[in-house]
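My entries follow the display.

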Amino acid sequence: MRKKCPECGDVIIGRIDKKYCSDGCRNAQNNRLNKDSKNLVRNTNNRLRKNYRILEALNPNKKMKCSRAKLIEKGFDFNYFTSIYTTKAGTTYYFVYDQGYLPLEGEYYALVKRDD
């Protein structure tokens, strides 16, 4: 019995361990199988990139104070950050790569840039 391509159903010609009739069919099936996880990663990366650009634009001098309203107005999403840094004193900074923010009193944030 001849093997059939799991993507298009054509008969597979070639090596005995060949799974697809062509590179196109192999790529099409793998893309379809990975679609959901790729969408999640792409959407998360897009949100992180947007947050990074907002912090970078609002904080050109590596240290600044900014209101929560201004961050939200620019489209900042507080659910997406890459790391959390807690100082010895217990202060918690949230970072999007090297751009960070520290919640202050009164709906304000200190924006910082980490030097590496």
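How far apart are the mean positions of the positive and negative charges of the protein chain? I found the mean positions of its 24 positive and 13 negative charges to be 4 Å apart. Lys and Arg count as positive and Asp and Glu as negative, with His and the chain ends not counted; each charge is placed at NZ of Lys, CZ of Arg, CG of Asp or CD of Glu.

I note that this is a predicted model, in which local features need pLDDT of at least 70 and side-chain atom pairs pLDDT 80 or more, while totals for chains, interfaces and linings use all residues. Residues are numbered from 1 along each chain as its sequence is written, and side-chain values use heavy atoms, without hydrogens and water.

I next looked up the fold. The protein chain has two helices and five strands, in the order α-β-α-β-β-β-β. These are DSSP runs numbered from the N terminus: helices are H or I of at least four residues, strands E of at least two.

I then checked the dimensions. The C-alpha atoms fill a box of roughly 75 × 30 × 20 Å along the principal axes. Of the 116 residues, 24% count as buried (under 20% relative accessible area, 1.4 Å probe, protein chains only).

Last, I examined α1, residues 23-58. This helix bends by about 60° at K35, the angle being taken between axes fitted to the seven residues ending there and the seven starting there. Its buried residues are C25, Q29, L48, N51, I54, L55 and L58. I list β1 (63-67), α2 (68-74) and β5 (108-113) among the elements that cover them.

How values were computed: Buried means under 20% relative accessible area, exposed over 50%, partly exposed in between (1.4 Å probe, protein chains only). Contact means heavy atoms within 4.5 Å.
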